[in-house]
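The sequence and structure come next, followed by the report.

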Amino acid sequence: MKSTKKSFGLKAALSVSVGLTALVAGTGMTAVAQDESGEDAKRLNTVTITATKREQTLQDVPIAVSVVDDAVIEKAQINDILDLQTVVPSLRVSQLQQSGNSTFIIRGFGNGGNNIGIEPSVAVYIDGVYRTRAAGGLSDYADIERIEVLRGPQSTLFGKNSSAGVINVVTQEPEFEFGGLVEGTLGNFNQQILKGRVTGPLSDTVAFSLTGSYNTRDGYVDNIGTGSELNDRDRYALKGQLLFEPNEDLSIRLIADYDELDELCCYAPNIFNGPTSGAITALGGEVLSDPFSYTANTDIDPTNEISNGGLSAEVEYETDLGTVTYIGSVRQQELLSDADADFTNARLINSNLLDYTIDTFTHELRLAGGTDTVDYLVGAFYFDETVDLESDVTFGPQFAAYADLLAGAPGTFAGLEALLGFGPGSFFETDTGSREFFDQDNTSYSLFGQVDWRATDRLTATLGLAYINDEKTVTGRVENTDLFSSLDLATELNNQFIVETLAGASLADITLGQVAAGAVPGVDLATYQALLTGAGLGDPTSIATVAAIQGGVQAGTAQVIAGQFADLQFLPGFVDFPNSVEGNSTEDDKVTVTARLAYDFNENVNFYGSYATGYKASSWNLTRDSSFFASDTAAVTAAGLVPPGRLSGTRFAGPEETEVFELGAKLSFSDFNLNLAIFDQTIEGFQSTIFSGTGFVLANAGEQSTQGLEFDATWFVTDNFQLTTAGILQDPEYDDFQNAPVATGGAIDLADGVADGIGDLSGQQPSGIPETSLFFGAQYTHDLSDTMSGFVRADYVYESEVQVVDNIPGLDREVGTVNASFGIDWENGLNVTVWGRNINDDEQFTSGFPTTAQPGSVNTYPNAPATYGVTVRKRF
């Protein structure tokens with residue numbers, strides 16, 4: 001169970017001990033108590049390595065890791081993982097179209113997002129349990145002890161889907177002394193947050209804890225189309241724990257948790273109106289193009305209902321060989337969402353439903369032990385998960401009129417229906433469209449081990465290996481009721497031309513017009529005119545005469561006319577799988593490695609060099625855009641499986657493999673800490689998924705790399721005044737990404753259109769990865785009396801300008817956000833904090849996409865405006 005493995009990484013290699021009280025305000029690379037003097041902070045900067053139960057300073061751990069503890073979480077008002085990016089420069093979290101759709105990115109690498117089949121490259125764990133999708137890691141817990149962000153591939157210890165890094169959330173264990181916390185927050189947009197925790201003994205050997213949180217807030221976006229407020233908060237979480245310690249050798253921790261949200265999210269305004277906006281206006285609709293007005297105008301609210309629940313058990317037993325640890329879990333995640341996929345108040349799209357259930361079952365067993373010179377860990381992990389998904393998109397009552405306007409004039413499709421023999425209103429009938437059904441079974445296991453050999457008092461060599469095996473079996477079928485998209489329009493038109501020919505009708509004018517425009521391949525205008533002037537061939541206006549030698553021209557004309565309507569056939573029939581040609585499973589395996597040398601120059605300075613590989617197995621495209629590979633085109637066509645309009649694509653993206661070379665230095669003194677890491681990281685086969693305007697393009701990027709420098713520093717100017725900084729400077733590049741979704745004709749401005757073609761991004765900077773990310777923080781504490789102290793803190797987050805998504809050149813983001821807080825702490829456990837996030841109202845886009853069925857238009861996801869409030873908490 002990856003979660004367990006992760007737990008090892010936490011406990012055996014990275015975990016900050018329970019005694020750790022604070023961290024560099026947000027950078028986390030050095031765990032320094034913000035409320036203590038420099039000497040106390042250095043003393044508390046410890047980690048516990050489970051293998052030997054010995055303590056060593058975090059500075060001595062030779063790995064790139066950021067740690068954010070409860071003190072920073074409280075003072076910086078970090079409510080969930082989305083807020084974490086403001087204090088960890090190497091981490092970016094992008095909120096997408098739903099409350100549960102977020103993408104975690106470390107050092108520029110990460111994926112997942114809107115396609116539930118694409119597992120994240122950044123693994124999220126909570127209390128040692130792997131959360132397979134982003135929606136499972138957004139709980140507002142009241143008992144967070146620390147959050148650890150491990151940068152770079154972690155597959156050797158953490159296994160599944162940690163090829164880019166790991167986010168680990170550790171909550172507090174039950175305690176054998178009675179205590180607890182009550183916390184309330186009031187903020188703008190009518191925000192109300194209530195959190196509580198109580199813990200204590202049930203007996204000499206059993207302790208318990210109960211935690212809960214409730215978070216509600218009005219939306220900061222006014223939807224004038226429905227009167228609702230979007231991007232609100234309405235979520236709660238409950239958690240219970242039991243800790244059994246019958247003797248000094250055995251510990252059993254049981255956890256049950258459940259959380260739920262019911263929100264209207266997410267605001268996705270238009271930023272550029274393409275040529276289709278005129279048609280929407282003609283239908284009485286309105287396209288708003290001021291993203292930071294926080295005003296929407298859609299006829300359907302984006303609804304989100306998400307629930308997460310699970311049980312887990314962690315057992316630790318001390319033996320003569322070392323510590324045996326078992327972690328098992330069973331979890332379920334459910335999501336139901338709908339949205340206005342046309343993002344306007346025109347009734348173009350009726351539903352865009354997503355409904356899935358994910359059931360996950362994990363086991364991990366490991367043994368950690370050691371001698372005077374060697375520490376070792378060996379273990380096994382097993383993962384079993386099922387995904388059951390339904391989704392749809394259906395036409396609204398105005399889509400037929402919209403299609404008419406795009407085609408040229410009202411009545412266009414009525415004429416076409418009549419020409420082809422269909423009844424009025426057959427095309428784009430309300431509530432017709434596409435409904436998809438996917439099921440995925442995923443089993444995975446890994447065997448792993450790591451050895452740390454202390455060759456001398458100063459030099460330690462580490463070698464770790466893991467074997468990862470991952471198998472997925474997927475079925476997909478689609479019920480398509482979109483009649484127009486199901487037609488082979490060129491064939492239908494050509495057949496109708498033949499009928500008209502036999503009836504003596506005339507198509508000479510339209511055919512001549514098409515030929516004169518050069519739109520009919522292979523037909524010379526002079527030759528065609530000669531045919532029409534007779535040349536012994538009879539009446540030039542008689543199609544019956546011309547058709548005898550002009551069948552090819554008719555077919556070409558039909559093809560040209562059909563091409564004019566092709567953009568409106570965007571829901572082609574689906575090739576269900578498995579079928580007589582295509583299978584429905586992948587099985588991948590890989591051996592990953594970690595090798596490292598660490599040298600303690602003295603008690604204050606150490607250096608390390610490391611090499612590590614990461615691995616992520618194949619991911620399947622669980623959307624209507626899944627299609628047979630180009631290599632199967634001939635076979636599926638011969639088998640009669642390909643419906644009209646269905647082109648080749650991808651069923652799945654193959655594995656992605658990561659490797660990183662890293663050199664690091666860690667310096668720790670009484671009033672100053674500095675951590676440096678130089679890295680060269682490469683991902684081969686990066687699993688890229690991008691929305692093109694009518695569907696998701698899933699592809700493996702051949703190779704993506706980045707070289708860079710990470711740093712963080714903490715300086716205790718005085719015992720009361722602390723300065724921190726952290727950052728990453730990097731040079732990301734697509735070394736090889738052919739067949740990528742790009743702008744047609746190359747780079748374009750938004751004013752010229754939207755990228756919707758396939759091209760080569762090799763040599764380009766990947767979108768969303770800034771070359772520079774920086775964090776600056778300052779905190780001042782002061783004793784106001786013998787029983788009261790106060791603090792003031794502020795931080796600034798900067799990201800250099802970068803293109804937001806690959807297929808929309810010209811849509812850029814630059815970040816310059818200021819957060820601040822001040823508060824008073826009383827000796828009796830009472831605290832009052834006044835806080836503000838994005839207090840300078842920095843405006844930026846987290847992502848963007850070509851607007852659904854509106855070529856030339858672009859929608860975006862803007863960040864939240866300034867939020868502020870006051871939090872009162874009492875510990876007892």
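Accessible areas come from the Shrake-Rupley method with a 1.4 Å probe, and for residues only the protein chains shown count as cover.

## Basis of the values

This is a predicted model, in which local features need pLDDT of at least 70 and side-chain atom pairs count only at pLDDT 80 or more, while totals for chains, interfaces and linings use all residues. Residues are numbered from 1 along each chain as its sequence is written, and side-chain values use heavy atoms, with hydrogens and water left out.

## Overall make-up

The protein has 13 helices and 43 strands. These elements are DSSP runs numbered from the N terminus: helices are H or I with at least four residues, and strands are E with at least two.

Of the 876 residues in the protein, 59% are buried. Buried means under 20% relative accessible area, exposed means over 50%, and partly exposed lies in between (1.4 Å probe, protein chains only). Among contacts with a separation of 6 or more, 71% are between residues 24 or more positions apart; a contact means heavy atoms within 4.5 Å.

## Salt bridges

The structure holds 31 salt bridges, each defined as a side-chain nitrogen of Lys or Arg within 4 Å of a carboxyl oxygen of Asp or Glu. One of them joins Glu-74 and Arg-873, at 3.9 Å from N to O. Glu-74 lies in helix H3 (residues 70–75) and Arg-873 in strand S43 (residues 867–875), so this pair ties together parts that are 799 residues apart in sequence. Glu-74 counts as buried at 16% relative accessibility, as does Arg-873 at 2%.

Arg-253 forms a salt bridge with Asp-127, with the closest N and O atoms 3.6 Å apart. Arg-253 is in strand S16 (residues 250–264) and Asp-127 in the loop between strand S6 (122–126) and strand S7 (129–131), 126 residues apart. Both Arg-253 and Asp-127 are buried. In the salt bridge of Glu-710 with Arg-151, the closest N and O atoms are 2.9 Å apart. Glu-710 belongs to strand S32 (residues 696–716) and Arg-151 to strand S8 (residues 144–151), so the pair connects parts 559 residues apart in sequence. The relative accessible area is 0% for Glu-710, which is buried, and 4% for Arg-151, also buried. Salt bridges with shared partners join Glu-74, Glu-183, Arg-873 and Arg-875 into one network.

## Negative surface patch

Glu-334, Asp-355, Asp-359, Asp-388, Asp-439 and Asp-441 form a negative surface patch. Strand S22 (354–370) and strand S24 (433–454) are the elements that give two or more residues to the patch. Asp-388 is in strand S23 (residues 374–395) and is partly exposed, with a relative accessible area of 42%.

Patches are made of residues with over 30% relative accessible area and no salt bridge; like charges are joined within 9 Å, and nonpolar side chains (Val, Leu, Ile, Met, Phe, Trp, Tyr) within 5 Å. Lys and Arg count as positive and Asp and Glu as negative, while His and the chain ends are not counted. The place of a charge is NZ of Lys, CZ of Arg, CG of Asp or CD of Glu.

## A loop residue

Asn-190 is in the loop between strand S10 (179–187) and strand S11 (191–201), and is partly exposed at 43% relative accessible area. Leaving aside neighbours within four places in sequence, Asn-190 is in contact with Thr-216, Arg-217 and Asp-218.
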